[in-house]
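Dear colleague,

Please find below the structure that I am handing over to you, followed by an account of what was found in it.

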Amino acid sequence: MQTLKINGISKSVDVPPEMPLLWVLRDVLAMTGTKFGCGIAQCGACTVHLDGAPIRSCQLPVSAAVDRSITTIEGIGDTPAGKKVQQAWLDKEVIQCGYCQSGQIMSASALLANNPSPTDEDIRAAMSGNICRCGTYVRIEAAIKHAATKA
């Protein structure tokens, strides 16, 4: 039995320690906002925050997340940066198919939490690990800039 702190709530799970955090979230805890994309930590769809840093949950064993703070897309709106980013996504109509968007929002929220006034280069670097098959990159960058201007 392992205890995880997810979105501020402790949850006990009885899973093998090597099980990827993604599958614990989706299959054990029914938190399906975090998406499976590639399974090799290259697309960013499975991004969550671990102690505030964006990580790819498809490759992180659940044992590495014990005694650490996990934030998922279900809880990111409760953070100041996450709330701004989610509103900016709506304001700038970023979403097309939507599949990658939870990972995109998680990466953007981590960026703004650590750098509230990012340059274009900062944005591109922070978002470079997130793939959008629909190509909404211009809208994503615009939304991040928009979120950065909000008080």
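Predicted model: local features only at pLDDT ≥ 70, side-chain atom pairs only at ≥ 80, totals over all residues.

How are α4 and α5 oriented relative to each other? Helices α4 and α5 are oblique to each other, a term that applies because angles under 35 degrees count as roughly parallel, over 145 as roughly antiparallel, 65 to 115 as roughly perpendicular and the rest as oblique. The axes of α4 and helix α5 (residues 137-148) cross at roughly 120° and come within 11 Å. Axes here are lines fitted to C-alpha atoms, for helices over the stretch in contact, and angles run from 0 to 180 degrees between N-to-C directions.

Residues are numbered from 1 along each chain as its sequence is written, and side-chain values use heavy atoms, with hydrogens and water left out.

Overall architecture

The protein chain holds five helices and five strands; helices (H or I, at least four residues) and strands (E, at least two) are DSSP runs, numbered from the N terminus. Read from the N terminus, the order of the elements is β-β-α-β-β-β-α-α-α-α. The radius of gyration of the protein chain is 15 Å, close to the 15 Å that the globule rule gives for 151 residues, so the chain is as compact as a globular protein of that length. That radius is taken over C-alpha atoms, and the globule rule is 2.2 Å times the number of residues to the power 0.38. The C-alpha trace spans about 45 × 30 × 25 Å along its principal axes.

The sheet

Five strands make up an open sheet of mixed pairing, in the order β2-β1-β5-β3-β4; two strands pair if DSSP finds at least two bridges between them. At the edges are β2 (9-13) and β4 (53-56), each of which pairs on one side only. From one strand to the next, the twist averages 40°.

Strand β1 (residues 2-6) pairs with β2 in the antiparallel sense over five bridges. Within this pair, L4 has K11 of β2 as its bridge partner, and Q2 stands opposite V13. The two strands form a hairpin with two residues between them, and N7 in the turn has a positive phi of about 55°.

The pairing of β3 with β4 is also antiparallel, over four bridges, with H49 opposite P54 in β4. These strands likewise form a hairpin with two residues between them, where D51 in the turn has a positive phi of about 55°.

Helices on the sheet

Helix α3 lies across β3, β4 and β5 and runs at about 35° to β3, contact meaning heavy atoms within 4.5 Å.

Helix-helix packing

Helix α2 (residues 80-91) packs with α3 at an angle of about 130°, their axes being 8 Å apart. That makes α2 oblique to α3. The crossing of α2 and α3 is right-handed; a crossing is left-handed if the near helix is turned anticlockwise from the far one by less than a right angle, and right-handed if clockwise. The contact involves A81, G82, V85, Q86 and W89 of α2, together with Q101, Q104, I105, A108, S109, L112 and A113 of α3. Its residues divide into seven nonpolar, five polar and no charged, where Ala, Val, Leu, Ile, Met, Phe, Trp, Tyr, Cys and Pro count as nonpolar, Asp, Glu, Lys and Arg as charged, and the others, Gly among them, as polar.

Helix α3 (residues 101-114) also packs with helix α4 (residues 120-127), at an angle of about 135° and with axes 9 Å apart. That makes α3 oblique to α4. The crossing of these two helices is right-handed. Here Q104, S107, A108 and L111 in α3 meet D122, I123, A126 and M127 in α4. Five residues of this contact are nonpolar, two are polar and one is charged.

As for the pair named at the outset, α4 passes α5 in a right-handed crossing. The contact is made by D120, I123, R124 and M127 of α4 and I140, E141, I144 and K145 of α5. The residues divide into four nonpolar, no polar and four charged.

Yours sincerely
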